[in-house]
Amino acid sequence: MPELPEVESVRRQLEPELTGRRVIKTWWDPHPAIPREFSGLELLTGRTIRSVGRRGKFMVAPLDEDLELIMHLGMTGSFRFDLDDPHVRARLDLDDGRVLSFRDVRRFGRMAVVEAGDYETIPTLKLLGPEPLSDEFDPSTFAASLRRTSSPIKPYLLSQRPVAGVGNIYADEALWLAKINPGSRAVGSKRARALHAAIREVLAAAIEREGTTFSDYAMVNGESGRNADFLIAYGRGDTPCPRCRTPLRKITLGGRGTTYCPKCQRR
DNA sequence: CACGCCTCCTGTGCGC
DNA sequence: TGCGCACAGGAGGCGT
């Protein structure tokens with residue numbers, strides 16, 4: 001569900017609420033088959049939250065005692081204050097009397113307290129590529145990384161290694177904008193630069209609209225993102241391509257639904 | 001090491 | 001109406 005624009009929208013609302021707050025009590029719903037879901041959360045009680053940052057789809061909140069709270073929304077995760085719901089998986093009681101609830105129907109999300117910067121138990125975060133809207137995401141390095149892989153371009157983007165935060169929606173959108181076939185295994189320098197620009201454009205526009213809501217994604221204030229009506233490729237199979245009127249085609253690639261224009265995104 | 005398949009979990013919507 | 005199946009925005013483990 002939530003990709004970079006959704007996570008950033010949540011982060012922007014959480015940060016002013018949590019900065020400087022101390023956690024006085026922590027509760028979570030243990031699931032025997034998912035020990036990783038809330039690892040280290042017992043360390044959170046008594047800690048003060050210094051800020052709420054973000055890397056890709058991970059929120060990273062520095063704590064005192066040189067610890068960090070890592071939060072990932074998975075497919076269906078959301079945060080709300082003072083919410084009572086059967087799908088609430090964790091609750092943080094704060095020193096201002098409010099309770100932050102983490103709701104996650106499918107339980108693919110996670111929260112973890114780790115030593116600051118120690119991401120050994122979170123491999124995707126450890127190997128995470130550059131932030132797409134920062135200067136560290138530069139066209140030449142991106143092109144070089146695409147040259148080195150033999151994977152089809154879309155699954156490679158979803159690995160989070162060439163760039164952080166791109167998921168299934170914005171991968172389809174960016175590849176459509178850059179006119180690149182999602183299955184292409186040979187993206188040259190020129191097309192890599194077009195894709196670099198397209199990723200930035202698509203993500204920045206989605207952040208402006210506070211993300212894409214289909215069903216589960218909501219911000220901390222309960223509101224939906226407004227980007228769904230602006231999607232061109234994702235979820236729009238059989239509708240005409242806005243550039244060439246050819247019906248968009250939906251396929252499965254790397255196990256994920258993938259929509260693209262068979263004419264303007266030729267191999 | 002890199003890649004690609006399968007799985008984790010729950011809910012929803014569709015076709016029969 | 002009811003059942004069974006496919007699919008859903010993500011990531012991690014494991015086999016090749």
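A crossing of two helices is termed left-handed if the near helix is turned anticlockwise from the far one by less than a right angle, and right-handed if clockwise. The structure is a predicted model, in which local features need pLDDT of at least 70 and side-chain atom pairs count only at pLDDT 80 or more, while totals for chains, interfaces and linings use all residues. Residues are numbered from 1 along each chain as its sequence is written, chains are lettered from A and ligands numbered from 1 in the order in which they are written, and side-chain values use heavy atoms, with hydrogens and water left out.

By the above criterion, α1 passes α6 in a right-handed crossing. Helices (H or I, at least four residues) and strands (E, at least two) are DSSP runs, numbered from the N terminus. Helix α1 (residues 4–18) packs against helix α6 (residues 189–208) at an angle of about 40°, the axes being 9 Å apart; axes are lines fitted to C-alpha atoms, for helices over the stretch in contact, and angles run from 0 to 180 degrees between N-to-C directions. Leu-4, Pro-5, Glu-8, Ser-9 and Arg-12 of α1 meet Leu-203, Ala-206 and Ile-207 of α6, contact meaning heavy atoms within 4.5 Å.

Polar contacts (pairs of N or O atoms within 3.5 Å) reach phosphate oxygens of DNA strand B from a side-chain atom of His-87 at 3.5 Å, from a backbone atom of Ser-150 at 3.2 Å and from a side-chain N or O atom of Ser-151 at 3.1 Å.

Elsewhere, 4 aromatic pairs are counted, rings of Phe, Tyr and Trp (its six-membered ring) being paired if their centres lie within 6.5 Å, with planes under 30 degrees apart classed as stacked, over 60 as edge-to-face and the rest as tilted. Phe-38 and Phe-102 form an edge-to-face pair, 6.3 Å centre to centre with 85° between the planes.

Conventions. A polar contact is a pair of N or O atoms within 3.5 Å; within protein, one must be able to donate a hydrogen and the other to accept it, and residues adjacent in sequence count only if both atoms are side-chain atoms.
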